[in-house]
Each structure stands twice: as structure tokens, then as C-alpha cells.
Amino acid sequence: MTALRICALEAIPPLGARVVRTPDGDIAVFRTATDQVFALRDRCPHKGGPLSQGIVHGAKVTCPLHNWVIDLASGEATGADHGCTHAFAVRVLDGIVWLEIGAAADAPEGAERAAVARSVQAGTG
Amino acid sequence: MKAMDQRPRLVVVGNGMAGMRTVEELLKLKPDMYAITVFGAEPWGNYNRILLSPVLAGEKTVDEIMLNGDAWYAEHDIRLHKGRRVTRVDRRQRLVVAEDGTTAPYDRLLLATGSEPVMLPLPGHELPGVIAFRDLHDVETMLQSSRSDKNAVVIGGGLLGLEAANGLMQQGMQVTVVHLADSLMERQLDAEAGGLLQRSLQARGLDFRLGCQTEAILGEDRVRAVRFDTGEEIPADLVVMAVGIRPNTRLARDIGLRCERGILVDDTLQTFDPAIYAVGECVQHRGQCYGLVAPLWEQARVCANHLAEYGIGRYPGSITSTKLKVTGIDVFSAGDLSHAADTEELVFKDAARGVYKRLLLKDNRIQGAVLYGDTRDGAWYFQLMRDQIPVEDLREHLLFGQSQLGDAGHGDEKARVAALPDRAEICGCNGVCKGTIVAAIGAKKLLSLDDVRAHTKASSSCGSCTGLVEALLAATLGGDYSQTPAQRPICACTEHTHDAVRAAIPAQGLKNMAAVFQALGWHTPNGCHICRPALNYYLLAAWPGEYVDDAQSRFINERAHGNIQKDGTYSVVPRMWGGVTTPGELRAIAEVAEKYRVPTVKVTGGQRIDLLGVQKEDLPAMWRDLGAAGFVSGHAYGKALRTVKTCVGSEWCRFGTQDSTGLGIRLEKMTWGSWTPHKFKIGVSGCPRNCAEATIKDLGVVCVDSGYEIHVGGNGGVKVRVTDFLCKVTTEDEVLEMTGAYMQLYREEARYLERTAPWIERVGLAHVQQSIVEDAAGRARLYQRFLASQRVAQIDPWAERAAGAAAEEFTPLQPEAGAWIKAVPA
């Protein structure tokens with residue numbers, strides 16, 4: 001399992017989010033009031049709104065474009081809405097947020113993670 | 001129940017609508033607080049008793065009226081004893097005993113025993129074939145009888161009796177309705193409407209015997225006939241007694257609870273035994289017993305709140321309305337119909353069309369309403385009555401209905417919805433038609449506005465169709481739809497209304513959001529996207545200079561100080577005071593637009609220039625460049641003072657009477673930066689030609705030769721509303737003072753996200769005039785408060801951010817390739 005160092009936990013405001021730029025698209029990293037951290041592809045399953053810009057409440061975020069409420073852990077729309085955005089594994093160790101980009105997981109997810117990993121390396125390395 | 005369950009125990013006696021509604025409300029508040037046991041005398045799950053009439057008439061099936069099936073009880077870990085009548089409660093031991101010996105100990109007991117039909121003690125009333133109309137069992141008996149028998153007699157010409165008679169007739173029986181009074185539904189209808197109803201039911205084939213007393217029910221092993229006091233006999237294979245209901249207080253009396261007609265409860269639905277609560281048709285509250293569904297839902301909400309130990313909320317009693325559920329006949333009745341010396345009557349009658357309307361007014365407010373034949377305006381009259389809205393301005397058109405008020409009215413359009421075809425678009429934002437909403441209400445058993453919003457998206461965007469959706473709910477569900485209370489809770493996180501929360505903030509000295517959540521018992525740890533922005537506003541308004549604005553509780557536009565666009569970019573609108581600019585400013589804007597490759601430059605409706613399609617991380621630098629040219633934020637993104645739109649006025653215009661441009665600039669310099677419940681727009685026109693469109697602004701000034709007319713509450717958006725004339729003043733300084741006082745009143749009184757137009761319609765223009773025109777001292781105080789809060793509000797957010805504030809908001813994270821580790825420690 002490899003992981004990408006994102007930032008210090010303090011760099012994300014509680015009940016807020018930061019955007020991680022990758023050449024393959026943005027990833028939103030959220031921090032809840034209880035310092036749980038989640039990462040989602042920064043696109044609402046509804047019309048592609050940037051979830052990183054939404055209001056975080058509990059372990060959910062409300063998309064700023066049309067108020068879909070997305071579960072931070074699964075990336076699934078809640079309530080009567082249906083749709084899902086990709087959830088990335090993320091972990092906090094000693095106050096540092098790491099985005100896990102493993103080779104494991106099922107094929108499409110694995111492929112996506114690998115692609116992110118490649119592009120991040122290529123993009124700035 | 002789990003063996004080791006240590007939770008307090010709640011036992012509910014009565015598996016009907018009131019009891020289960022209370023349990024549902026309780027589960028919403030504190031899902032795990034109690035171990036819950038429910039006893040029901042009927043062998044069914046929980047069903048919607050209101051809809052028994054449509055089942056009898058063959059318009060609905062039994063399955064369609066079931067509310068909670070066995071699965072629901074299992075899912076919520078509720079132990080359900082179906083078909084077990086509770087016979088005893090040991091209040092000292094706190095133990096409930098059912099007739100089969102089942103026992104259940106309780107810490108809190110909820111009695112929801114409902115009501116029972118009144119059976120007249122006539123000779124023969126115990127014969128087989130004599131029944132009431134109360135439960136599914138009665139309906140089954142009636143349906144069975146209708147298959148083999150011919151003649152039915154219904155005793156009672158009230159709501160229930162007529163619904164039963166209609167249902168039996170639909171099933172092919174010959175039905176006679178016997179009624180003691182001289183006109184039908186005399187409790188709800190006057191003689192005129194009762195007569196119309198009678199003729200219409202006669203035309204459908206019902207027989208009536210009015211002013212007629214039943215003396216005996218005849219038959220040997222089964223009912224055969226009914227005899228009246230005149231000696232006349234008519235054949236009857238089935239007799240339905242529908243002469244009324246009485247609260248079922250048997251158990252309560254047996255165990256020594258204080259009862260009169262019903263079980264006595266206080267405003268918290270508590271009985272005289274503090275461990276025992278009671279709700280629904282079995283209770284008597286402030287002398288009233290209710291037999292309709294809406295009050296019972298209101299009671300359930302309050303009772304659940306106290307069971308959950310939040311201890312907030314009182315039940316003040318209900319104002320009720322009734323609708324006859326006989327398809328094709330529209331009858332509506334609400335309020336007090338007794339005509340006294342101090343009441344006035346408005347009557348509309350068109351016998352040929354079968355339309356009759358009667359309104360009773362007292363002190364210019366509706367006190368009662370009877371509608372026959374055309375009930376489309378029932379919901380509207382009911383709302384006017386419940387909210388006690390003065391109707392003198394509407395009086396001329398009142399009887400002709402809300403649709404006759406014309407398009408200028410900003411209020412909702414409940415009257416029109418019934419007449420709309422299924423393909424009519426109700427929600428223009430999300431493209432939802434009437435048919436879709438009605439189908440979803442039926443298929444998904446939606447009961448509230450929030451349900452409809454979640455499942456259909458109707459009314460979930462701009463909200464302008466909310467009234468229509470509510471009217472659809474009312475029309476589709478009939479009496480089943482508990483009228484949305486005049487005030488809804490802010491959101492699902494709380495049961496408190498905007499007004500209650502707003503009042504609690506200064507009253508309880510709540511100075512931050514955590515304190516509000518704690519003191520008012522929020523159900524969620526940190527609210528949601530609906531309540532947090534509202535609370536942030538209320539706190540900001542209550543404690544100016546003291547409360548620290550919470551960026552994470554603001555919608556992104558107010559956090560990023562730009563308007564988010566569909567692709568995630570932002571728009572930038574620099575402030576141009578009064579809509580006046582200079583070649584130098586325009587040059588600066590042009591340079592900024594080129595430097596940051598702004599894809600679209602657009603002139604707005606508020607006389608500003610909009611730079612669209614800006615990347616978020618470019619915003620601070622752009623603001624720095626604009627700031628260097630003298631620009632500040634235009635707040636085009638905020639629930640705040642937006643723009644002051646002006647015409648050129650006396651400086652140039654040959655018709656201009658005053659310097660509207662100069663005045664507009666003064667107004668904008670005074671009001672910019674202020675946060676308001678919703679956006680706030682001002683217009684200043686130099687003469688009554690009104691080129692600045694001041695009469696569709698939140699506040700509009702129309703200059704005349706002798707001074708300045710001030711107009712308020714206009715709206716050019718969702719629903720066009722022309723302003724109301726507030727007052728006329730003679731100097732610019734007075735305009736400034738009126739404007740400041742008016743804005744402050746709006747800030748202090750309106751609910752979050754309530755524009756001035758609906759606010760004024762809600763509180764009345766007279767209130768606004770009293771507060772700021774007639775009361776000079778009050779006006780001065782409001783104005784001072786406005787100026788005081790402006791001292792801390794007029795800080796340019798763009799300049800702060802250009803200088804580095806809130807940098808993380810605008811800076812994406814760029815992970816570096818070197819920042820990799822392999823094998824994260826577990």
C-alpha cells in the first residue's frame with residue numbers, strides 16, 4: 001500500500017474541505033467536526049458540481065449547485081437521490097493526511113488509483 | 001426487546017394513527033431512548049382511518065391505507081401486541097395488563113385509545129346487521145352485506161354518515177339516510193349549503209328522512225326494518241349508526257385518571273399522572289375533543305418532544321377544517337359558523353351552478369367559512385383564518401377567490417391548483433408536472449412537503465411553487481394532510497421554527513452555534529446546509545461585533561465572495577456606486593479581464609459589470625488588481641445589500657426632479673456591506689417615469705418635485721410584486737434614515753431567506769408603517785442600530801483576501817511527487 005502525503009490535518013478547516021489538484025481531476029479532502037477525514041472525487045454525481053465547495057455537516061456534504069447531500073464515507077447520494085462519486089481511502093497519521101493509492105481493490109478502482117498515482121508523479125516530478 | 005435492555009420503557013396503548021404518529025415523531029427525535037411496546041385492540045397493523053370511506057366506496061384498497069406494516073415495528077425494535085385489548089393498568093407498580101394476561105411494565109405510558117362510535121340504545125340495536133362505521137371490521141361487514149343485501153339505512157346525516165351512505169350506494173345498495181336535524185351536516189354547514197348537498201346526493205340516488213326520529217330497529221335473528229316515531233316502517237338489511245363518536249376513556253376512568261368527556265391533558269399532553277401521556281381522539285384539551293386528523297398530528301409532535309425530554313413546545317389547541325370525502329361533491333367547512341351581533345356575513349350563491357360560499361368575519365378577520373360546490377379556495381380561507389390575517393384589503397374580491405386577486409399578489413396560488421391539468425408544470429426549476437407529484441404522493445405515501453421535495457424535486461430549488469405543492473398535497477390527501485403549520489421547523493435537524501430560534505438567541509443569551517444546538521436540542525451534531533446559514537445569520541444579527549462569523553456555515557458564494565457557476569468557476573462583480581463609473585475604472589476592468597482571460601464580460605440588471613468564468617485561485621489576485629483601481633466587492637453573491645440602481649436624474653435628464661444618482665450613491669455608501677435575511681436591492685428614480693424600476697425593488701425611492709416617495713416590498717424575481725407606498729419625505733437625509741430603519745427592521749424581524757415582499761405580506765404594511773413612519777423615536781433607534789452594525793460590516797472582504805486572509809480557501813493542495821511513502825503503518 002502506497003500513500004500520498006496531502007497536508008497537515010490543520011490545513012483543512014473543521015467542517016470544511018481542501019482541493020487536491022491532480023492531472024486527472026480534482027479530489028476533495030474533507031474534515032468533519034470530529035476530525036474524521038474523507039476524500040471524494042470532486043464531482044457531484046448529479047451535475048458534476050464541486051463537492052469541495054459545499055457545506056459539510058455530520059459526515060455528509062451538500063453540493064453547492066443543487067443541494068444533493070453526499071455521504072462522505074461512501075460517496076453515495078443520500079435521501080431520495082441516487083448516484084455515487086468515487087471515494088478514496090484516506091488516513092491521518094501523526095496529524096498528517098495521507099491519500100492511499102493502493103494497487104489492491106477491484107479493477108476499475110485500482111485502475112483509477114493507479115492512474116492518479118502515475119499522473120501525480122508525472123505531473124510534478 | 002433485548003434481555004439486557006436498560007432503557008426506560010414506553011408502553012403505548014392504542015395502535016392507531018395518534019399513537020403511532022407520536023412514536024414516529026419520537027423516533028425522529030431520539031430513536032434509541034425507549035424500549036417501546038405497543039398494544040392494539042384491532043388485529044391489524046396501523047392504518048389510516050381517515051381513508052375508510054374511500055375503501056368502502058371501492059376507490060382504495062385496504063393495502064393502500066396501511067401506514068406501518070409489521071416490518072416497520074421490527075425495524076424500529078418495537079414490540080407489537082396486535083389484537084390484545086388492555087384491561088388494566090397498575091399505576092403503582094407501573095404495569096399494563098392485557099385481557100389475555102400479557103403484561104408490560106412501563107416508565108412512561110402513552111394512552112391513545114381513540115374514540116368509539118356512539119350506539120343509540122334503541123330497541124334492537126344489538127341485532128346482527130346493526131353496525132357502526134369506525135374500523136376495518138365495520139367496512140368488511142358493509143362490503144359483505146352489499147354483495148347479498150339490498151336495503152341499507154344509515155342513521156346520522158353528519159360527515160361520517162354521509163360518507164358511509166355514499167360508499168354503500170357505490171356498492172349497489174339502496175340507501176336511506178335518517179337524520180334527526182332538519183338539514184345535513186348541521187354542525188359544519190348552514191341550512192343553505194346543507195340543502196344544496198342534499199339535492200346533489202338525492203340526484204345520485206340517496207333517500208333522505210330529515211327531522212325524523214328512529215324509534216326501533218326491528219328483526220328477529222337479524223335486522224329486518226327500521227320504525228320511525230311516526231309509526232312508519234322501512235325495510236333494512238343493514239343499519240349503520242353514524243351519530244357521532246365519543247372519546248374512549250374506559251381504561252383511563254378505570255385506572256382513576258381524571259376525565260371529563262375525554263382524558264384531561266395539559267398543553268404538554270400530560271394527564272394528571274405525570275408518568276402517563278395521552279394523545280388523539282381520547283383526550284380533552286382546554287375543553288375541546290377533536291375527531292379530525294390534523295389536531296392529532298399537532299398533538300403527536302408536542303407529546304413526542306416531551307417524551308424525548310426536550311420539554312419544549314406546547315400544544316395550544318387546533319383550528320380545524322373539514323372536507324367531505326365523497327367523490328364529486330365538494331364541501332368545505334372551517335371555524336366558527338355561528339352568526340352573532342359582532343360578526344359580518346359575506347355570501348355568494350349561484351344555485352344553477354351549485355356554488356355557495358359563506359364567510360363569517362369578525363374584526364375584519366375570517367372566523368368561519370362554508371364552501372359548497374367550489375372549494376378551491378378552502379385552503380386559502382383556512383390560512384387567512386388560522387393566521388388571523390386582516391382581510392379588509394381583499395374584501396372586494398374575497399368571495400371570488402384567490403385567483404381573482406390578479407398576478408400582482410405575491411401570495412401563493414392554492415386556489416388554482418385544483419383546476420390544473422396533470423401535465424401542467426408545477427415546478428419550473430426542475431420540470432415537475434402536477435401528474436408526477438400526485439402520482440408520487442399516492443405511490444410513495446408522501447405526507448409532507450419535505451417528502452415531496454425529496455422524491456420529486458418539486459419545490460426544492462427556488463421554492464416559488466411551494467404553495468402549489470402544498471395545495472396538491474392537501475387536495476390529494478384530503479383530510480389526511482395535516483396542514484403544514486403556519487410555521488415549519490427550520491429543517492429536519494430541529495422542530496423549532498425560525499421565529500422560536502430567533503427569539504431564543506437573545507432571550508437565552510446564546511452566543512454561538514454550539515450553544516444554540518445545545519440549548520435547543522438539535523438532533524444533529526452540527527446542523528445541516530439549511531439551518532447553519534440561518535443560525536449564522538441570526539447570531540450575526542443578534543450580536544453584531546461580538547459573534548464571530550462562521551465561514552463554514554455560509555453558502556460557498558458568501559465564503560468565496562463570488563457567485564459559483566455551473567462549471568465551478570466564479571463570477572466577479574465590482575461595486576460601482578449608484579451604477580456610475582469612469583473611463584479609468586472601465587479601463588481597469590478591461591485590463592483585469594484580459595490579464596485573467598475572463599471568458600465573458602456582461603452588464604447586469606443592477607447596472608454593474610460581471611466578469612464570468614474566473615478560476616477560484618485567481619480571485620484574490622484579481623481582487624488585488626481591482627482594489628488598486630479603487631474597487632470594492634459588489635456583494636453580488638450575498639444575502640446582503642446588492643446594488644442601488646439609479647437613473648440620471650436632475651443632473652442631466654430634462655424630466656428629472658431630484659438628484660437621483662447622487663442620492664443613490666449616498667444610499668449605497670451607507671448600506672453596502674450589510675448582511676440581510678435575503679438579498680436586498682434598492683432603486684432610485686428621478687421622476688415618476690421610474691426609469692430605475694424602483695417599484696420592483698426591496699426599497700425604491702421615486703423622486704417628485706416636492707420630495708421623495710419611499711416604496712417598499714417590491715420584487716422583480718420569482719413572482720413580480722409591485723412595492724407598497726410607505727411614506728413621503730422632503731430631504732435626502734430623511735430618505736437615508738427611513739432606509740436604514742427599514743433595513744434594520746427587516747434584518748431584525750424577517751426569517752432567513754425571506755425576501756422583503758413575502759415578509760411584508762406576512763407582517764402587514766401597517767406594521768412596517770407603524771414601526772418606522774409613525775413612531776419617530778422607534779425609527780431613530782432602528783436607524784442607530786443599523787449604523788452601529790454597519791461600522792463593523794463595512795470592511796471590504798476582497799481587500800482582506802487580496803491581502804492574504806483565508807488563503808487556504810483559494811489555494812488548492814499540490815502534492816509533490818517526493819511526498820510518497822510506501823507501506824503506510826497500520
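Two strands count as paired if DSSP finds at least two bridges between them. The model examined here is predicted.

**Exercise 1. Determine the order of the strands in the open sheet of chain B with mixed pairing, and identify its edge strands.**

Solution. Step 1: the sheet has 5 strands, in the order S34-S35-S36-S37-S38 of chain B. Step 2: strand S34 (641-646) and S38 of chain B are the edge strands, since each pairs on one side only. Step 3: from one strand to the next, the twist averages 15°. Step 4: within this sheet, consider strand S35 (residues 680-685) and strand S36 (residues 699-704) of chain B, which run parallel and are joined by 4 bridges. In this pair, Ile682(B) stands opposite Leu699(B) of S36(B).

**Exercise 2. Describe the open sheet of chain B that has parallel pairing.**

Solution. Step 1: this sheet has 5 strands, and their order is S11-S18-S12-S13-S14 in chain B. Step 2: its edges are formed by strand S11 (130-132) and strand S14 (207-210) of chain B, each of which pairs on one side only. Step 3: the twist averages 20° from one strand to the next. Step 4: strand S12 (residues 151-155) and strand S13 (residues 174-179) of chain B run parallel and are joined by 5 bridges. Val178(B) in S13(B) is the bridge partner of Ile155(B).

**Exercise 3. In what sense does S33(B) pair with S31(B) and with S32(B)?**

Solution. Step 1: strand S31 (residues 570-572) and strand S33 (residues 609-614) of chain B pair in the antiparallel sense, over 2 bridges. Tyr570(B) has Val614(B) in S33(B) as its bridge partner. Step 2: strand S32 (residues 600-603) of chain B also pairs with S33(B) in the antiparallel sense, over 4 bridges. Leu612(B) in S33(B) stands opposite Thr600(B). Step 3: the hairpin of S32(B) and S33(B) has 5 residues between the strands, and Gln607(B) there takes a positive phi near 65°.

**Exercise 4. At what angle do H20(B) and H21(B) pack, and which residues meet?**

Solution. Step 1: helix H20 (residues 583-595) and helix H21 (residues 619-628) of chain B pack at an angle of about 160°, with their axes 9 Å apart. Step 2: angles over 145 degrees count as roughly antiparallel, and H20(B) is therefore roughly antiparallel to H21(B). Step 3: the crossing of the two helices is right-handed. Step 4: Ala588(B), Val592(B) and Lys595(B) of H20(B) meet Met622(B), Asp625(B) and Leu626(B) of H21(B). By class, the contact has 4 nonpolar, no polar and 2 charged residues.

**Exercise 5. Which residues of H24(B) are buried, and what covers them?**

Solution. Step 1: in helix H24 (residues 756-763) of chain B, the buried residues are Thr756(B), Ala757(B), Pro758(B), Trp759(B) and Ile760(B). Step 2: their cover includes S37, S38, H23 and helix H25 (765-774) of chain B. Step 3: Gly764(B) follows H24(B) and has a positive phi, near 90°.

**Exercise 6. How many helices and strands does chain A have?**

Solution. Step 1: chain A has 1 helix and 10 strands. Step 2: from the N terminus on, its elements run β-β-β-β-β-β-β-β-β-β-α. Step 3: of the 125 residues in chain A, 46% are buried.

Key: Residues numbered from 1 in each chain as written. Chains lettered and ligands numbered in written order. Predicted model: local features only at pLDDT ≥ 70, side-chain atom pairs only at ≥ 80, totals over all residues. Axes fitted to C-alpha atoms, helices over the stretch in contact; angles between N-to-C directions. Parallel < 35°, antiparallel > 145°, perpendicular 65-115°, else oblique. Left-handed = near helix turned anticlockwise from the far one by under 90°. Contact = placed C-beta atoms within 7 Å. Nonpolar A, V, L, I, M, F, W, Y, C, P; charged D, E, K, R; others polar. Buried ≥ 20, exposed ≤ 12 C-beta atoms within 10 Å, placed from the backbone.
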